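Please read the points below alongside the sequence and the model.

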Amino acid sequence: MAAVTPSSPPVASSDAAASTQEEISAEIDQLSREYAASGRVEERVRLDYPPYRSSVLRHPTKDPHHADPEGIELWAPVFGQRDVDPLEADLTIQHRGEPIGERLVVTGRVLDGEGRPVRHQLVEVWQANAGGRYIHKRDQHPAPIDPSFTGVGRCLTDADGWYRFTTIKPGPYPWKNHRNAWRPAHIHFSVFGREFTQRLVTQMYFPGDPLFALDPIYQAITDQAARDRLVATYDHGVTTHEWSTGYRWDIVLTGSHRTPFEEESA
Amino acid sequence: MSLAPTPGQTVGPFFGFALPYAGGDRLVPPGQPGAIRLHGRVLDGAGDPVPDALVEIWQADPDGRVVQQPGSLLRDDWTFTGWGRTETDRTGRYSFTTVEPGATTPGAAPYVAVTVFARGLLDRLLTRAYLPAPEAVLASDALLASVAPDRRHTLITTRDEHGLVFDIRLQGPDETVFLDHAPD
Ligand SMILES: [Fe+2]
């Protein structure tokens, strides 16, 4: 197959590992001070966050255009038992052997902005293995691949909005944003709401990670309280005897536009 | 009760082994009567292709009905679910096989709702890909009427021999109009 390669390589600012951690940290600190002085509260991640180098040419420069959702935007795709096998929620049973690493359960609820559960909706996760390596051809980090771990899972929330995955704790991993750049350990989450506009892709982190302060992706959420909402809580009630540790993480989508009346008549 | 929303984070570079799936780009089988191609490029601020983007579409059926049927992840090729997902290739191109949506309200300008994710893009972006339509229909659309005239074309597909073309420009002079649906 004769694939055409892009005419020019990615911009030098991305993936060149040109800056030091000190330079990146100084930029993060500067943006953090400016945010603190602004008096604003930013609930969302910034799209324009230069310490994350590959965002430089990939963020819109114009403000998003306000639009009242209508028609199809007031609804979300439906996923059902045809789409998702319950076994897909256990990432530790996809191969013949047990994966290496700390077995853990992560569970929580998907809620809308009014606190209502998002029922029977799709949650997808993907992650690195315990050594910080993804099953992806672009991941060239020389950490071992675990033949017993792929790192992909799916489930549907239950009638109260609960999701639950069994997996292993992912390791931190290096990347090329700057020299000696390391991502805090995280699990990628993809979540649907009851409306198209509630679509969310994010990352769940683990409490107390020493890499938080150094990571420009996590720090692109400038508000500490908002950042904290991506950090799971260790929950001994989820931990099970001689089997796995447990973490709790709730996901809150933006408020919905459909009224409860429309909901009932749907 | 009002809860603070969970912030987004970039889809990163490694979603390719997890999110795309066989049939994600095939809302209807190619060759089905009425099947069209909806395709385009995702481009960055330098005009270069974005080879690691993910595009999702969500649309009504040809009669303008919002479909609420499962089966998007494991298609049976008979049930139109209205939802699809695909990744861009090495040249920044994406392509869906689908049908043209009808208007969900009679007389309104039909569109496909589009979500874009990419490495380097810290949160998902939402936009609309309108079908080409007579000016009177486009002019009556509340969103199109509220967009600056010199940017309106970024929301409207063009026709080619297979269907509809919709390029997504994350940045630059022809930056696509992206939408914010938060209440005022
Ligand atoms: Fe990751």
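1. A residue is called buried here when its relative accessible area is under 20%, exposed when that area is over 50%, and partly exposed in between, as found with a 1.4 Å probe on protein chains only. B:Asp44 counts as buried because its relative accessibility is 9%. Helices (H or I, at least four residues) and strands (E, at least two) are DSSP runs numbered from the N terminus, and B:Asp44 sits in the loop between strand E1 (36-43) and strand E2 (53-58) of chain B.

2. This is a predicted model, in which local features need pLDDT of at least 70 and side-chain atom pairs count only at pLDDT 80 or more, while totals for chains, interfaces and linings use all residues. Residues are numbered from 1 along each chain as its sequence is written, chains are lettered from A and ligands numbered from 1 in the order in which they are written, and side-chain values use heavy atoms, with hydrogens and water left out.

3. What does B:Asp44 touch, leaving aside its neighbours within four places in sequence? With contact taken as heavy atoms within 4.5 Å, B:Asp44 is in contact with A:Leu57, A:Arg58, B:Val50 and B:Gln171. The C-alpha atoms of B:Asp44 and B:Arg169 are separated by 6.1 Å, although these residues are 125 residues apart along the chain.

4. The iron ion is coordinated by A:Tyr134 (OH), A:Tyr173 (OH), A:His186 (NE2) and A:His188 (NE2), at 2.0 to 2.2 Å. A:Tyr134 lies in the loop between strand E3 (122-127) and strand E4 (152-156) of chain A, whereas A:His186 belongs to strand E8 (residues 186-191) of chain A, 52 residues apart. Both A:Tyr134 and A:His186 are buried. Donors are N, O and S atoms within 2.8 Å of the metal (3.2 Å for Na, K and Ca), and because water is not among the atoms, sites may look incomplete.

5. Why is the arrangement around the iron ion irregular? The four donor atoms subtend angles of 90 to 157°, which makes it so. Four donors count as tetrahedral if all angles lie between 85 and 135 degrees; four count as square planar and six as octahedral if opposite donors are over 155 degrees apart and all others between 65 and 115; anything else is irregular.

6. A nonpolar core is a set of buried Ala, Val, Leu, Ile, Met, Phe, Trp, Tyr and Cys residues joined through side-chain atoms within 4.5 Å. Of the 43 residues in the largest such core, A:Val106, A:Tyr163, A:Phe165, A:Phe189, A:Trp249 and A:Ile251 touch the most other members. Apart from it lies another core, of 27 residues, including B:Leu27 and B:Val114. Leaving aside neighbours within four places in sequence, the contacts of A:Ile251 include A:Tyr163, A:Phe189 and B:Thr6.

7. Two strands pair if DSSP finds at least two bridges between them. In chain A, an open sheet of four strands runs in the order E4-E3-E8-E9 with antiparallel pairing. E4 and E9 of chain A each have a single partner strand, so one side of each is left without a neighbour in the sheet. E8(A) and E9(A) pair over six bridges in the antiparallel sense, and A:Val191 stands opposite A:Leu200 in E9(A).

8. Chain B also has an open sheet of four strands, in the order E3-E2-E5-E6, with antiparallel pairing. Within it, E2(B) and strand E5 (residues 111-118) of chain B pair over six bridges, and B:Val114 in E5(B) is the bridge partner of B:Ile57.
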